[in-house]
Amino acid sequence: QVQLVESGGGLVQAGGSLRLSCAGSGRTVMLDAMGWFRQAPGKEREFVGAISWSGSSTYYADSVKGRFTISRDNAKNTVYLHMNSLKPEDTAVYYCAAGTRPTNSVSYHQANKYDYWGQGTQVTVSS
């Protein structure tokens, strides 16, 4: 069993930056693909980005490409989401997810391919 705990959310002004962390415990997630998703009020959960187990491949939603960066530290069982140039439309609850089933560029984007989810952390961007 895997437990994921996100941290680092908060309130930031537009144009600012935040770094979210997702720490895994229970077993190592070193071999898992890790993804970030977000859900704004009244909207469906959407893909933000993902990283392969080795860190060699990353994937981003078009809406965050060039502003957000995903990295991971397998020694710490932790994945990070670095968010720059934040916009009010980035306001949402951000969730990290882990799983071994994402294996190609399509499946990394699919929430149902991930087996474990964190509880989420709120990010609010004020204009």
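Colleague: Which residue in β8 is the bridge partner of F68?
Modeller: First, the ground rules: residues are numbered from 1 along each chain as its sequence is written, and side-chain values use heavy atoms, with hydrogens and water left out. This is a predicted model, so local features need pLDDT of at least 70 and side-chain atom pairs count only at pLDDT 80 or more, while totals for chains, interfaces and linings use all residues. β7 and β8 (residues 78–83) run antiparallel and are joined by six bridges; strands here are DSSP runs (E, at least two residues), numbered from the N terminus, and two of them pair if DSSP finds at least two bridges between them. Across from F68 you'll find M83.

Colleague: Which strands stand at the edges of the open sheet, each with a single partner strand?
Modeller: Four strands make up this open sheet, ordered β1-β3-β8-β7 with antiparallel pairing. A strand at the edge has one partner, so one side of it is left without a neighbour in the sheet. That applies to β1 (3–7) and β7 (68–73).

Colleague: By how many degrees are neighbouring strands of the sheet β1-β3-β8-β7 turned against each other on average?
Modeller: The sheet is open and its pairing antiparallel.

Colleague: Why is strand β4 largely enclosed by the rest of the structure?
Modeller: Buried means under 20% relative accessible area, exposed over 50%, and partly exposed in between (1.4 Å probe, protein chains only). β4 (residues 33–39) has seven residues, and it is largely enclosed because the number of them that are buried is six.

Colleague: Which residue in β9 does F37 stand opposite?
Modeller: β9 covers residues 92–99 and pairs with β4 through seven bridges in the antiparallel sense. β4 is also joined to β5 by five antiparallel bridges. On the β9 side, F37 stands opposite Y95.

Colleague: Which residue takes a positive phi in the hairpin of β4 and β5?
Modeller: The hairpin has six residues between its strands. One of them has a phi near 80°, and that's G42.

Colleague: How far apart are the closest N and O atoms in the salt bridge of R38 with E46?
Modeller: A salt bridge is a side-chain nitrogen of Lys or Arg within 4 Å of a carboxyl oxygen of Asp or Glu, and the whole structure has five. E46 in β5 is also the bridge partner of R38. R38 counts as buried at 5% relative accessibility, whereas E46 is partly exposed at 36%. Their closest N and O atoms are separated by 2.6 Å.

Colleague: Is K65 buried or exposed?
Modeller: K65 meets D62 in a salt bridge, at 3.1 Å from N to O. D62 is exposed at 67% relative accessible area. K65 has 52%, so it counts as exposed.

Colleague: Which residues do salt bridges that share partners join into one network?
Modeller: R101 is partly exposed at 41% relative accessibility, and D115 is partly exposed at 39%. The network is made of R38, E46, R67 and D90.

Colleague: How far apart in space are H109 and E46, C-alpha to C-alpha?
Modeller: H109 lies in the loop between β9 and β10 and is partly exposed at 33% relative accessibility. In sequence, H109 and E46 are 63 residues apart. In space, the C-alpha to C-alpha distance is 8.7 Å.

Colleague: Which residues form a nonpolar patch on the surface?
Modeller: Patches are made of residues with over 30% relative accessible area and no salt bridge, joining like charges within 9 Å and nonpolar side chains (Val, Leu, Ile, Met, Phe, Trp, Tyr) within 5 Å. Areas come from the Shrake-Rupley method with a 1.4 Å probe, and for residues only the protein chains shown count as cover. One member, in the loop between β5 (46–51) and β6 (58–60), is partly exposed at 45%. With about 320 Å² of accessible area together, the patch is M30, L31 and W53.
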